[in-house]
Amino acid sequence: MDESSENLTGAPARQGLTFDLDVDICVIGGGLAGLTAALESARLGASVVVLEGRSIGWNASGHNLGTVMPGYGVPASDLIERVGFEDARELWTLAQDGADYVRKTAAPMPDIALTDGALDVSLVDAGDELISQLQTMGEDFGTEIEGWQVDRVREVLKTDRYFHAIHFPKAFQLDARTYVRSLAALAESAGVRIFEDTPVVSIDPAGIRKRVFTPSAKLRCTHVVLAGNAHLGAPSQRLTATLLPTWRYAVLTEPLGTQLLHTVAFRGSVIDSHGIDHFRVVDGDRLLWSSPETTWQGDPKHYVKRIQNRIAATFPELGLVSIAESWSGMFGQTVHGMPQIGEIQPGLWVLSGFGRQGLNTTAMGGQLVARSILAGDDRWRLFSPFELVWAGGPAGRIAGQAIDMWVRGHSAAAGALSRYRERAQARELAREEAREARIASAKAQASFARQQASAAMHEERRGPGT
């Protein structure tokens, strides 16, 4: 399966828009963020239409590993440096609210298969950095987290590639396709009208009533929400130009049996600190693994061998695993690394840039825009510092690919150096223990010899016949 496949969520195809409509809110984009905004707007009493150019969840929303964690795609320390401590903490609270929303919404859904826990594992021995992160996220931002030492990490992940880790016990996983399909059904049950195969060709944002044009109809509304990805195109070139399109590739292995259960005993998601590998166990004994990225679309089948090699290098006991399925999904990254949420002109809203952010932020953003439009919630202004920044066009994509390659190379070198140092320390410790053992043995032998000599002298003094 690849990202061009239609209707990947398994839901019946919906009709396209072929007649003119007049509504309160038009959401452009039928991914997780757009569907959440539509659902929450309808619950607040608005008439809402979702226009999707292909099918619901066809792209990144239906092609992710379904991990829901607190926070954003940038470290908490970077967030504090950018907006200050108080605003950073409020932004973090919004992100946590987004995770809570997903859990509450998903829990009643059938076949959603929620599992708990996530590990952010370090590829280098960085205990001091771990302590700093624990203090910021745990003590300052109130996130429920635990620091895991190396021994504990390696108890559940049988590899020497991982050192310390941060455990998020309240993070969780779900089936992304089931969630996006069920979210669309919830929106429709709340009164949202969803039209698939309905690309938007242009928008006239002037005046109180905006006009949205599709190939077969036009729509009038008071608010337009741009919830598309980097493929949005003509309706808002300004927004599209701020997103760096990135394709992420993933595989699902064949059943691996008890060997996998022994090698990967952790049942939540595992994400390395450099964002290179992301995996979890599904269906009891299969691996869902995501790794390579490109800024140009590639055939997922061409990346299968690469991921197989990543798995084998990380977990040598598994070897080259058999792959049942491969796919890719394209997401849009922002230059500043944060989502783009807010009103860019009266009645025109942006809800985008969720690449590397996590499902929690799509839910948070959708809620925030709906409440901003219909309930006067102005917390979207917290995202004002993260404005629309040009992503560099083709040159930006070349630079993005080069940066990704550098990060991967640097990560591999840093990891190899940490493992070398660990082995060197182990050898030095073994040598020290051997030296101490030899000294202890020599002392014992000397002591024994002295005892023997002392006994002999004592016997000699006593003399014969005494």
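Cysteine 26 is buried, at 0% relative accessibility, where buried means under 20% relative accessible area, exposed over 50% and partly exposed in between (1.4 Å probe, protein chains only). The model is predicted: local features need pLDDT of at least 70, side-chain atom pairs count only at pLDDT 80 or more, and totals for chains, interfaces and linings use all residues. Residues are numbered from 1 along each chain as its sequence is written, and side-chain values use heavy atoms, with hydrogens and water left out. The chain is divided into domain 1 and domain 2, and the count of disulfides is 0.

**Cysteines**

- A disulfide is defined here as a pair of cysteine sulfur atoms within 2.5 Å.
- The cysteine sulfur closest to that of cysteine 26 belongs to cysteine 221, and because the distance is 5.1 Å, it is too far for a bond.
- Seen from cysteine 221, the closest cysteine sulfur is that of cysteine 26, again at 5.1 Å and too far for a bond.
- Cysteine 221 also counts as buried, with 0% relative accessibility.
- In general, a disulfide is a covalent bond between the sulfur atoms of two cysteines.

**Domains and their interface**

- Domain 1 consists of 12-112 + 175-242 + 335-389, and domain 2 of 115-173 + 245-331; the bounds come from an automatic or database domain assignment.
- The centres of the two domains, taken over C-alpha atoms, are separated by 27 Å.
- Across the interface, 25 residues of domain 1 are in contact with 28 residues of domain 2, contact meaning heavy atoms within 4.5 Å.
- About 2,300 Å² is buried between domain 1 and domain 2, with 65% of it on carbon and sulfur atoms.
- Buried area is the accessible area (1.4 Å probe) that two parts lose on being put together, summed over both.

**The sheet of 6 strands**

- An open sheet with mixed pairing is formed by 6 strands in the order S8-S3-S2-S12-S19-S18.
- Its edge strands, S8 (193-195) and S18 (340-345), each pair on one side only.
- On average, neighbouring strands of this sheet are turned by 20° against each other, direction ignored.
- Strands (E, at least two residues) and helices (H or I, at least four residues) are DSSP runs numbered from the N terminus, and two strands pair if DSSP finds at least two bridges between them.
- S18 and S19 (residues 348-352) run antiparallel and are joined by 5 bridges.
- Glutamate 343 is opposite tryptophan 349 in S19.
- Helix H1 (residues 32-43) lies across S2 (25-28), S3 (48-51), S8 and S19, and runs at about 170° to S3.
- Axes are lines fitted to C-alpha atoms, for helices over the stretch in contact, and angles run from 0 to 180 degrees between N-to-C directions.

**The sheet of 4 strands**

- A sheet of 4 strands, open and with mixed pairing, has the order S1-S11-S10-S9.
- S1 (21-22) and S9 (202-204) are at the edges with a single partner strand each, so one side of each is left without a neighbour in the sheet.
- S9 pairs with S10 (residues 210-213) in the antiparallel sense over 3 bridges.
- Serine 202 is placed opposite phenylalanine 213 in S10.

**Pairing of strand S5**

- S5 (residues 115-121) runs antiparallel to S7 (residues 165-173), and 6 bridges join them.
- Threonine 115 has glutamine 173 in S7 as its bridge partner.
- With S14 (residues 269-272), S5 pairs in the parallel sense over 4 bridges.
- Valine 121 has aspartate 272 in S14 as its bridge partner.

**Single residues**

- Alanine 113 lies in the loop between helix H3 (85-106) and S5; its phi is near 55°, a positive value in a residue other than glycine.
- Alanine 113 is exposed, at 56% relative accessibility.
- Arginine 356, in the loop between S19 and helix H10 (359-375), is not a glycine but has a positive phi of about 70°.
- With 40% relative accessibility, arginine 356 counts as partly exposed.
- Glutamate 155 is in helix H5 (residues 150-156) and is exposed, with a relative accessible area of 54%.
- Glutamate 155 and proline 75 are 80 residues apart along the chain, and their C-alpha atoms are separated by 27 Å.
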